[in-house]
Amino acid sequence: MPPGSPSGGQAGRRGRGGGGGGHRRCAGWNGHSISPLFCHHISSRETILTIEIFLQVFDDKGKDVTPHPLFHPDPSAAVPRQGKPLASINVLNSVLHKFWLLIVTILLELICLLLNVEQKRSRLLTSCNFTDVQARPEEIKEELTKEDLDRSVDLYLTETETIWMLDMPSVVASIESEEAGRILYRNKIYADICKNRPGNDRFVEKMMQTINGAAKTKEVQCDQIIMEDKGVTATSWDLYDSVNILEIKPTSKAEGTRATAGKSNKPHTTKDTTSRTVVLENSIHEEEECSSGAILTLENFQRDLFFMERILMENIFQPKLAAYRQLPVLRVMELCTAAAVKEAKQKEQGKEKKDKEEQKEGFINASILPDVNKSLEEVVPPRLERLWSYTCDLTNGHSVSSMAWSKVNPDLLAVGYGTFDFKEQKKGLACCWSLKNPMWPERIFQCEHGVTALDFSMASPNLLAVGMYNGSVAIYDVRSRKDAALLGSGESTNKHTGPVCQLRWVEQDRGATGEGKAERLICISADGRITSWFIQKRLDCTDLMKIKRTEREEKKLLGEKERKSGALISQLAAGMCFDFHPKDTNFYLAGTEEGHIHKCSCSSSEQFLKTYRGHKGPVYKVAWNPFSTDMFLSCSADWSIILWHQDSQTPTLTFNSTTTAVHDITWSPKSVFVFAAANESRVEIWDLGVSVLNPVISCIASPREKFMSVLFATNTDCLLVGDSKGEVGVFELQNLAAPRTDKVRLAGRKYRDNVLGTSPEQD
């Protein structure tokens, strides 16, 4: 083996014998040269071919730069000589023989390829004259001796360079790196921000969808186009007259008068007579239009038209108005003639005779008949019958947001038109409807923003308070026909910054200094404030309560660190509804967007008396029971209605009948058990004396409308329902047994005893 060849552990098989070998240098990469040395030896004892290959790498100066192996065996260790092979060793040698033959074949092909490249490169260098190329020293062929041939050769297979297929930079940096200081400074800034974040209004957390959903195909069907066939019949005279009217120039009134005066003196043709007649007709029409315009402006004429309109409406809606007022319906045909009256009497007498005969035949006592009739009436299920709807062209397309009866006139209804949806905002309306004219409102007040709440005053019944979506409050005088507001909160510095969700006129005691009661306007808004408005030269308010956000019960049980981890959007919770206690107006309930109901006092503006937790969504309405004043209802966007007792912070009963949000609830003014609820899909009448699982009456809405508001009539068994199309439907409650007023208190006590388990002594 030539000097500088690698030495190390044995990698191939060793053999003895004679043979010849060659030595040839070839060009390498990057200015290095490779010198392959081949040595083959055939052993006569084992008949195994052993090919030994030596590779040497030289640089441009001819220096040997062959890489040495990482492992260097101990040269002093004795190399064991191969003795007589055993049978097990022969099997292993045969396997290794095939493996090394494959590796040697691959290396030979690689060396031949390198030799060809070296020959081509040498030809290219000899064909060109480069002065800066240094001539390599001549290679001296060295003949191998027998000792060299007998010497064993080791062949090493080394690992190639690593190829990186995926490189993911680390998110951890060493403390000794150059960027360690900058990273520590950024981490310190982030820690300071997280420490100051809880309780700060400048930080907002909200979810956002950044990936657009998949496109969906939608089909829309328009309304059916109604086709009508119309025709007009015209004679030849009509055509002739219409042509002549276009040719005749308009003449003054004096000329027409002179023409008629001279008609008897001068003869005229038929054409002249016809043209002058047309001119006279035109002048007469102009005079009639002028006189009709003057007549319409007369006060007496407008008053007469008003009375005629009332009479016509009474005639058209007489059966429905009679059913609304629970009066007998008058039938004109039976009252016109006396014969009809006699026939009716005869029919009644005949029925009575038949009943008596049936009683005799069936041995039925006459005292049992009233009970039988009552049982038949009880079999008929209760239902809602639609009487009419308050709607007109102005209200079409405006959603009904709130309704309120006049405190003095039970036939006057105020309806607010608006929506709480930001995308569907438009100009609002506040209309006053009367039972005497269901087809057109008595007063129309147009607002710049959607109307979200309204209520009539008790001390001044002509004042109507209106709350709007932009947070402003306006007061209108229903006696005036003007559209302008009497007072507004536009100049107030304390006005609401969110939609006014509900407002109400409340009578409260003046205190020790005054006598009687004073009326105040109370509003609740989405900005988290409950305000009390006072009327002077302008409309201004003071804060009655600021609704602070409260943590849920499960968060209160956790540690201090976990409570500080969640940042609040605002310190105040959006107020949705309120209701004052029917007996003590110093206490009231307030529903919030968090799903909580707070019991508050007018004398304390900082703390809640109690908090009722049961809803999982915004509370849209709370209502005290007018008879059992310890009970109240609440409805929410979580599809549920909950019955509460003011002394218990856990729900008494929960009603779930649909999978849609419940927008409004109201108690019946005649029964302690009956209340109405407006879902998006239907209106429900619940009678807790009959069932606490299912409503007794359910009226389903049409596919394109949603029920938004409900209100019971004050003096009749009727229900008013407002929807998203702008209609206020009037329904009659039929076959719904309402208890008498003397049984209401007894029913309330039984209800508390059965449901709540309280005793009379506790009451």
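1. K670 counts as partly exposed, at 27% relative accessibility, where buried stands for under 20% relative accessible area, exposed for over 50%, and partly exposed for what lies in between (1.4 Å probe, protein chains only). The side chains of K670 and D717 meet in a salt bridge of 3.0 Å, N to O, the term being used for a side-chain nitrogen of Lys or Arg within 4 Å of a carboxyl oxygen of Asp or Glu. This pair links distant parts of the chain, 47 residues apart: K670 sits in the loop between strand 25 (662–667) and strand 26 (674–679), and D717 in the loop between strand 29 (707–712) and strand 30 (718–723). Strands (E, at least two residues) and helices (H or I, at least four) are DSSP runs, numbered from the N terminus.

2. The model is predicted, and local features therefore need pLDDT of at least 70, while side-chain atom pairs count only at pLDDT 80 or more and totals for chains, interfaces and linings use all residues. Residues are numbered from 1 along each chain as its sequence is written, and side-chain values use heavy atoms, with hydrogens and water left out.

3. A second pair, R504 and D579, forms a salt bridge at 2.5 Å, N to O. Here too distant parts of the chain are linked, with R504 in strand 13 (residues 500–509) and D579 in strand 17 (residues 575–580), 75 residues apart. R504 is partly exposed, with a relative accessible area of 29%, whereas D579 counts as buried at 11% relative accessibility.

4. D148 and R151 also form a salt bridge, their closest N and O atoms being 3.5 Å apart. D148 is buried, its relative accessible area being 15%, while R151, at 39% relative accessibility, counts as partly exposed.

5. The structure holds 15 salt bridges. Beyond the pairs described above, D527, R529 and D543 are linked in a network of such contacts.

6. A nonpolar patch on the surface is formed by I163, M165, L166 and M168, with about 580 Å² of accessible area together. Patches are made of residues with over 30% relative accessible area and no salt bridge, like charges being joined within 9 Å and nonpolar side chains (Val, Leu, Ile, Met, Phe, Trp, Tyr) within 5 Å; accessible areas come from the Shrake-Rupley method with a 1.4 Å probe, and for residues only the protein chains shown count as cover.
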